[in-house]
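Trainee: Can you go through this structure with me? I would like to ask about the strands and helices as we go.
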Amino acid sequence: MSDFRSASDAPQPAAPQDGASLRHTRAKGEPRFPDGPKADPAGSHFERRIRSFQPRRSRVTAGQADALQRLWPKWGLDIDGQRVIDLAELFGNTRPVVLEIGFGMGEATAQMAAADPDTNILAVDVHTPGQGNLLSLAERWGSPRSGEAESGGGLSNIRVGNGDAIILLREMLAPDSLAGLRVYFPDPWPKKRHHKRRLIQPEFLTLAASRLAPGAVVHCATDWEPYAEQMLEVLTAHPDFENTVPGGGYAPRPAHRPLTRFEGQGLDKGHVVNDLLFRRVQHSVSHPVPQRGQGRDQYKEQPPTG
């Protein structure tokens, strides 16, 4: 008996339900999401270096995949390092822009965007399911203040970046173009041999300072106490930042940072969450600004000139 069955005889796959995993057999070389984020937007244009992030592989649901396909051309940004972004053009307005590095599944980002429609959020991550989830939330949610919920416009003050935030800062953002920087619950890299992978380091702060306008606030939060101690130490020592807490130390969680489900679970287990709020200050002698196209050595901290 032949194993061959015609297409009409073969059992047909069920249509994917919202929340179900999307499975699709792709031909070799076919992109995962033809109209969505690229797998490696910067390609081999830039140097190899130690990275603070590790791409996570997990299933993309049908709803997330649909959002990536439909909404990426509208609200997505591949970090390819090939141009300087006009943020006013990207968002369609001249409101202040805050960069958020690492947003997980995007729930907190969407809540903050809805609560503050006068602030644009450029949210960057490499986690594809999270990118799709944030795009889906941005479409469904609207701000009562702006009337977007009634008009069906979604959260138009969110843009989702795909790729390496270091390349974004160094190659694609103009000096003094950011009104703030948020880094919530970054990978703590707990093993001592991995501490060099932590994002909050002196050289990163020098790069970030070159893109932050004077008065911009860097807001970090972590539930890993040794990392919180390192963050406090390097931020306090950096000449381009000052602690917003009188007398120094950690800050109370501000009302604008939502309590996430992940954070709540940690608090239930007795974890201590520390927030740090530091302000970008103006100096008469500044650090050299990293230039586009410069390599690994230019990302290292530079001594003041003069």
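Trainee: In which sense do strand S2 and strand S3 pair, and over how many bridges?

Mentor: Strand S2 (residues 97-101) and strand S3 (residues 120-125) are paired in the parallel sense, over five bridges. Two strands pair if DSSP finds at least two bridges between them. Before going on, note that this is a predicted model, where local features need pLDDT of at least 70, side-chain atom pairs count only at pLDDT 80 or more, and totals for chains, interfaces and linings use all residues. Residues are numbered from 1 along each chain as its sequence is written, and side-chain values use heavy atoms, with hydrogens and water left out.

Trainee: And what do the labels S and H stand for?

Mentor: Strands (E, at least two residues) and helices (H or I, at least four residues) are DSSP runs, numbered from the N terminus.

Trainee: Back to S3, then. Which residue there is the bridge partner of Leu 99?

Mentor: Leu 122 is the bridge partner of Leu 99.

Trainee: What is the strand order in the sheet?

Mentor: The order is S1-S4-S3-S2-S5-S6-S8-S7, in an open sheet of eight strands with mixed pairing. S1 and S7 stand at the edges with a single partner strand each, so one side of each has no neighbour in the sheet. From one strand to the next, the twist averages 25°.

Trainee: How are those angles taken?

Mentor: Axes are lines fitted to C-alpha atoms, for helices over the stretch in contact, and angles run from 0 to 180 degrees between N-to-C directions.

Trainee: OK. Which strands does helix H7 lie across?

Mentor: Helix H7 (residues 202-211) lies across S2, strand S5 (178-184), strand S6 (212-222), S7 and S8, and runs at about 140° to S6. Helix H8 (residues 225-237) also packs on the sheet, where it touches S6, S7 and S8, and its direction makes about 15° with that of S8. Contact here means heavy atoms within 4.5 Å.

Trainee: Take Ser 210. Is it buried or exposed?

Mentor: Ser 210, which lies in helix H7, counts as buried at 8% relative accessibility. Buried means under 20% relative accessible area, exposed over 50%, and partly exposed in between (1.4 Å probe, protein chains only).

Trainee: Changing topic: at what angle do H1 and H4 pack?

Mentor: Helix H1 (residues 62-75) and helix H4 (residues 128-140) pack at about 70°, and their axes are 8 Å apart. The two are therefore roughly perpendicular. For these labels, angles under 35 degrees count as roughly parallel, over 145 as roughly antiparallel, 65 to 115 as roughly perpendicular and the rest as oblique.

Trainee: Which residues make that contact?

Mentor: H1 contributes residues including Leu 68, Arg 70 and Trp 75, while those from H4 include Pro 129, Leu 135 and Glu 139. The contact residues divide into eight nonpolar, six polar and two charged. In that count, Ala, Val, Leu, Ile, Met, Phe, Trp, Tyr, Cys and Pro are nonpolar, Asp, Glu, Lys and Arg are charged, and the others, Gly among them, are polar.

Trainee: How many salt bridges are there in the whole structure?

Mentor: The search finds nine salt bridges. A salt bridge is a side-chain nitrogen of Lys or Arg within 4 Å of a carboxyl oxygen of Asp or Glu. One of them joins Arg 70 and Glu 139 (2.9 Å, N to O). Arg 70 is partly exposed at 41%, and Glu 139 is partly exposed at 30%.

Trainee: Is Asp 78 buried or exposed?

Mentor: Asp 78 is buried, with a relative accessible area of 12%. Lys 38 counts as exposed at 53%. The side chains of Asp 78 and Lys 38 meet in a salt bridge (3.7 Å, N to O). Asp 78 is in strand S1 (residues 76-78) and Lys 38 in the segment before H1, so the pair ties together parts that are 40 residues apart in sequence.

Trainee: Last one. What is phi of Asp 176?

Mentor: Phi of Asp 176 is near 60°, a positive value in a residue other than glycine. Asp 176 lies in the loop between helix H6 (165-172) and S5.
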